[in-house]
Amino acid sequence: MTNELIDFVIISIALLAIGIYGVSVKRNAIRMLFAIEIIINAANLNLVAFARFIPNSQGQTFALFSIAIAAAEVAVGLALIIVAYRMYKNVDIAEFRSLKG
Amino acid sequence: MIEITSPPVILIAILGTIGMILPVISILRKEKGSSSLYGAIAFGALIASIGYVVYEVFTNQIPQSALFSGDVLANDSFSALFAIAMLIVSIMTTVGSFNFMRGQSHPAVYYSLILLSTIGMVLVAYSTDLVMLFVAWELMSIPTYVLAGFMKKNPSSNEAALKYFLFGALSSAIIVYGISLVYGLTGSTNIGVVIAGLATLDPQMMPLAILAVGMFIAGFGFKMGLVPFHMWLPDTYEGAPPTITALLAAGTKKAGFAAALRVIIMGTVALNLDWSFALAVIAVMTMTVGNVAAIMQKNISRMLAYSSIGHAGYILIGLAVAPFTILGIQGSLFHILNHAVMKGAAFIAIAGIVVALGITNIDKLKGLGRKMPIISIGLVISLLALAGVPPTAGFWSKLMLFGSALDTGVPSWAPWLAIAGVLNSALSLAYYGWIIRKMYFEGETEKRIAEPKSIIAVMIFSIIFLVGIGVYPDPIIDFTKTAVPSLSALITPSG
């Protein structure tokens, strides 16, 4: 088992692909939120892996920032999803049709 | 180190403190009712902030070219221009909300979120480090997700907020990924170091660098409303409360351009690729899609949302020709400032119509010119400015943008940008004219009704601003000129 940088980058790009797939195919708001979280975590993996091979710690610092901000974002997002669920009894964004043009 | 008295620090201190204190005050106060108190406090904080920035600009304490500093924040006139534009928008939103928030719940939270979002927008313009840029970007975005859904009982506000949240969160996820890639490629998150690193990159790493810049374009493009990343924008602008739509269209969108000017343009120039052409294609697509779709709309908010997409296309002309002429970015900056005021004024006018009459359908605007004369004249002036009719500010900035595309002559496709822009402006005059015709030349003899006072104040300010700059644009043009060299100094050697 080697610790090559390229392995981490490949995993991260695979996670990115999964995330993009999830966002573009799924229409359930919570699934889309999960897919977005996967992209953010792919980026965090990248940052930490790069920071291991670069002689400064900016990457790790940024990963911490990004985790905290993602948590704040998810909190707001879940609140919005709950409000929408109370109104529509559904979290499928294809079912929300009050705005059409 | 950045000085403790420099504008960004002072702005964080003033707006942050007031933004945090407002909800506390609302808990401590026993009696309910007067929402105007919180609005007045927020208004005072914003006025103090803009006063400080303008004072710093006029006393010439702001250096011209500190675009890339070793610090996380740069204090230069480029950022000052954006800070002024965004603070104007926030002031217009806050004042416009006095009447809009009457009778709504949680006014303190509302104004507090506007202030926090304003800090984010201003810091996006000031930041020269990708970490700072990302934190500011999120500080700008997260409060606006909540604000877009602030009318909790209203299904369309809800839907608008959820769609805005999903696309906004996706865009910031993509931006983080782009940042992680450039960090890996260049070993730093300082934008200046990143650009220098990208310019001397190992050719083998080029695909990753292209992926990173593409991700920046996609991520910032979501907020800017560039085609093909625009699909959330009409829904959100229509469903969100109209005062918040003013903040989104005029404020957060401009922050996207601030980030784009710092990051994308620099990155594309450093990579020595033909990105200008890609940006030009996006510009033409964006303005055409926006203006053509706007013609078919029945709802005035939705129409202005599409027109906002079209204007993102005009501003992008300046970015596309930026490597070839200074005038490009100068025109973009000027149009960003103008568009902030005119779009803000138009949406605040809609907020006034919604408060007084509760309608947004264009067919029902018949005879509005007689019912609500002051708000109507404000709406007309801002629509004419959006179309670029001569005695208004919009004319000069469009002239500069299209002129920059004609002037360069270096890329053979540049004049076509100007032609597309002029054709689209003519097209846009058709649907703006339709609204104006409905308001003044249709309907019977309507009685005049009471207009919301705070919105009248915003209208008067924007009429003075738009017509004043339209008649005498020189000071603003000079100011945008001082904001530009900081960018072009870096573009010319490597481009």
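**Exercise 1. Asn44(A) in its helix**

Task: In which helix of chain A does Asn44(A) lie, is Asn44(A) buried or exposed, and which residues does Asn44(A) touch?

Solution. 
- Step 1. Asn44(A) sits in helix 2 of chain A, residues 29-53. The model is a predicted one.
- Step 2. Take the accessibility. Asn44(A) has a relative value of 7%, so it counts as buried. The cut-off for buried is under 20%.
- Step 3. List the contacts, leaving out residues up to four places away in sequence. Ala63(A), Ser66(A) and Ile67(A) remain.
- Step 4. Look for a polar partner. The side chains of Asn44(A) and Ser66(A) make a polar contact of 2.5 Å.

**Exercise 2. The interface of chains A and B**

Task: How many residues of chain B are in contact with chain A, and which helix of chain B gives the most to that side?

Solution. 
- Step 1. Count residues. 40 residues of chain B contact 41 residues of chain A.
- Step 2. Take the area. The two chains bury about 3,700 Å² between them, with 78% of it on carbon and sulfur atoms.
- Step 3. Find the top contributors. Leu162(B), Tyr177(B) and Tyr183(B) supply 19% of the area that chain B buries against chain A, more than any other three residues.
- Step 4. Check the polar terms. There are 0 salt bridges between the chains. Residue pairs in polar contact number 10, both residues at pLDDT 80 or more.
- Step 5. Assign helices. Helix 5 (130-148), helix 6 (155-186) and helix 9 (233-239) of chain B each supply at least two residues. Helix 6 of chain B gives the most, with 21 residues.
- Step 6. Sort by class. The chain B side has 21 nonpolar, 11 polar and 8 charged residues.

**Exercise 3. The length of helix 8 of chain B**

Task: What span should helix 8 of chain B have at 1.5 Å a residue, and which residue follows that helix?

Solution. 
- Step 1. Helix 8 of chain B covers residues 206-224, 19 residues, so it should span 27 Å.
- Step 2. Compare with the model. The end C-alpha atoms are 26 Å apart, which agrees.
- Step 3. Gly225(B) follows, with a positive phi near 75°.

**Exercise 4. Salt bridges**

Task: How many salt bridges are there over all chains, and which residues are linked with Glu159(B) in a network?

Solution. 
- Step 1. The count over all chains is 9.
- Step 2. Start with Glu159(B) and Lys163(B). Their closest N and O atoms are 2.9 Å apart. They are 4 residues apart in helix 6 of chain B, so about one helical turn separates them.
- Step 3. Check burial. Glu159(B) is buried at 1%, and Lys163(B) is buried at 12%.
- Step 4. Glu159(B), Lys163(B), Asp235(B), Glu238(B) and Arg302(B) form a network of salt bridges.
- Step 5. Take another pair. Lys438(B) and Asp363(B) meet at 3.4 Å, N to O. Lys438(B) is in helix 17 of chain B, while Asp363(B) is in the loop between helix 13 and helix 14, 75 residues apart.
- Step 6. Lys438(B) is buried at 7%; Asp363(B) is partly exposed at 36%.

Notes:
Residues are numbered from 1 along each chain as its sequence is written. Chains are lettered from A and ligands numbered from 1 in the order in which they are written. This is a predicted model: local features need pLDDT of at least 70, side-chain atom pairs count only at pLDDT 80 or more; totals for chains, interfaces and linings use all residues. Side-chain values use heavy atoms; hydrogens and water are left out. Contact means heavy atoms within 4.5 Å. Buried area is the accessible area (1.4 Å probe) that two parts lose on being put together, summed over both. A salt bridge is a side-chain nitrogen of Lys or Arg within 4 Å of a carboxyl oxygen of Asp or Glu. A polar contact is a pair of N or O atoms within 3.5 Å; within protein, one must be able to donate a hydrogen and the other to accept it, and residues adjacent in sequence count only if both atoms are side-chain atoms. Ala, Val, Leu, Ile, Met, Phe, Trp, Tyr, Cys and Pro count as nonpolar, Asp, Glu, Lys and Arg as charged, and the others, Gly among them, as polar. Buried means under 20% relative accessible area, exposed over 50%, partly exposed in between (1.4 Å probe, protein chains only). The expected span of a helix is 1.5 Å times one less than its number of residues.
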